[in-house]
Amino acid sequence: MSAIQFVKAQACGNDFLILEEAIAKGWHAQLARTLCARHTGIGADGIEFLERRADGSFFLRLFNADGSEAELSGNGTRCVAAWLAESEGLQEVELGTHGGVRKCSVVLKEPNTPWWIQSGMGVPRVMPRSIEVEGVSGAVEGVMVNVGNPHFVIFPEREDFGSHGMSWQELGAKIAVAPLFKFGTNVEFVRVLKKDEIAFRIYERGCGPTTSSGTGTCASSAAAITVHGVSRSLSALAEGGKQQVDWPSATAEMLLTGPAEIVCSGEARVDF
């Protein structure tokens with residue numbers, strides 16, 4: 001039985017464990033499934049494995065709760081930035097991911113409050129698309145967005161975010177594994193509330209419904225800006241809270257600002 005040192009952090013209820021890459025020893029997927037389990041483990045949406053490279057740079061590998069590896073997480077990256085700010089005093093940090101380098105900067109930290117961090121999220125790629133989904137009658141209209149990882153964004157008319165005769169959770173589960181998406185996709189259901197505010201729900205690939213998503217916030221905002229002409233500076237409201245998005249132009253980097261909080265740290269025991 002091995003002792004694993006961990007940190008747990010959350011961003012708008014989207015929670016992650018942070019482990020040093022050096023302790024993974026190739027057991028990334030099994031550690032994610034074991035430690036992220038809500039009732040038999042610590043509980044989290046995923047694990048951010050933090051690698052400290054010889055040149056002083058950082059690199060993150062994200063494994064979802066089901067053991068699958070994803071390109072990156074906006075909220076997870078922000079959680080790691082908050083941990084490095086709290087533990088090592090880093091007010092600005094560049095974090096490499098399989099979805100690109102993300103630069104994070106602390107914009108606010110007051111006593112007994114979360115860290116507020118702004119992250120550069122790259123330039124979103126947006127493409128309206130109709131897709132066929134098993135068990136759904138007719139085409140599903142939406143927007144494919146890539147912000148370092150894949151998303152499919154829908155604009156439902158129902159206030160409960162349901163569409164095509166299903167709840168958003170049911171439809172999200174189907175779209176996430178639709179044949180068009182070879183490696184699966186994240187799915188967002190977006191409602192435009194005002195010119196500068198949207199609300200959305202997230203069905204996250206490899207995890208299921210989550211209270212928030214950083215990349216989901218960016219994808220939802222990019223789709224709403226492109227298709228519905230909302231403001232390029234807007235608030236995006238998920239179940240876990242609001243984040244701020246600023247996208248100066250279609251060719252500029254999108255900036256995401258939101259909270260991140262260190263929940264606890266400790267030692268977990270695993271037997272493999």
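1. Val 107 belongs to strand β7 (residues 102-108); helices (H or I, at least four residues) and strands (E, at least two) are DSSP runs numbered from the N terminus. With a relative accessibility of 46%, Val 107 counts as partly exposed. Buried here stands for under 20% relative accessible area, exposed for over 50%, and partly exposed for what lies in between (1.4 Å probe, protein chains only). Val 107, Leu 108 and Trp 116 make a nonpolar surface patch of about 250 Å². Patches take residues with over 30% relative accessible area and no salt bridge, joining like charges within 9 Å and nonpolar side chains (Val, Leu, Ile, Met, Phe, Trp, Tyr) within 5 Å. Accessible areas follow the Shrake-Rupley method with a 1.4 Å probe, and for residues only the protein chains shown count as cover.

2. On the basis of the values: the model is predicted, local features need pLDDT of at least 70, side-chain atom pairs count only at pLDDT 80 or more, and totals for chains, interfaces and linings use all residues. Residues are numbered from 1 along each chain as its sequence is written, and side-chain values use heavy atoms, with hydrogens and water left out.

3. Helix α4 (residues 214-228) has 15 residues and spans 20 Å from its first C-alpha to its last, close to the expected 21 Å. That expectation is 1.5 Å times one less than the number of residues. Because 12 of its 15 residues are buried, α4 is largely enclosed by the rest of the structure. The buried residues include Gly 214, Cys 218, Ser 221 and Ile 225.

4. Both ends of α4 deserve a look. At its start, a side-chain oxygen of Ser 213 comes to within 2.8 Å of the backbone nitrogen of Gly 216. A polar contact is a pair of N or O atoms within 3.5 Å; within protein, one must be able to donate a hydrogen and the other to accept it, and residues adjacent in sequence count only if both atoms are side-chain atoms. After the helix comes Gly 229, with a positive phi near 65°.

5. Most residues other than glycine have a negative phi. Phe 161 has a positive phi, near 75°, and lies in the loop between β11 (150-154) and α3 (168-176). Phe 161 counts as buried, at 6% relative accessibility. His 164, also not a glycine, has a positive phi of about 55° and is placed in the loop between β11 and α3. His 164 is partly exposed, with a relative accessible area of 35%.

6. The whole structure contains zero disulfides, a disulfide being a pair of cysteine sulfur atoms within 2.5 Å. For Cys 36, the closest cysteine sulfur is that of Cys 207, at 8.2 Å, which is too far for a bond. Cys 264 is in no disulfide either, the nearest cysteine sulfur being that of Cys 79, 12 Å away. Cys 36 is buried at 3% relative accessibility, whereas Cys 264 is partly exposed at 32%.

7. A search of the whole structure gives 14 salt bridges, each requiring a side-chain nitrogen of Lys or Arg within 4 Å of a carboxyl oxygen of Asp or Glu. Arg 38 and Asp 45 form one of them, at 3.0 Å from N to O. Arg 38 is partly exposed, with a relative accessible area of 46%, while Asp 45 is buried at 8%. This pair belongs to a network of salt bridges that links Lys 8, Asp 15, Arg 38 and Asp 45.

8. Lys 242 and Glu 197 form a salt bridge whose closest N and O atoms are 2.8 Å apart. Lys 242 is in strand β16 (residues 241-246) and Glu 197 in strand β13 (residues 197-204), so the pair ties together parts that are 45 residues apart in sequence. Lys 242 is partly exposed at 42% relative accessibility, and Glu 197 is buried, with a relative accessible area of 12%.

9. Glu 51 pairs with Arg 53 in a salt bridge, with 3.3 Å between the closest N and O atoms. Glu 51 is partly exposed at 27% relative accessibility, as is Arg 53 with a relative accessible area of 37%.

10. Leu 95 lies in strand β6 (residues 92-96) and is buried, with a relative accessible area of 0%. Leu 95 and Arg 78 are 17 residues apart in sequence, and their C-alpha atoms are 9.5 Å apart in space.
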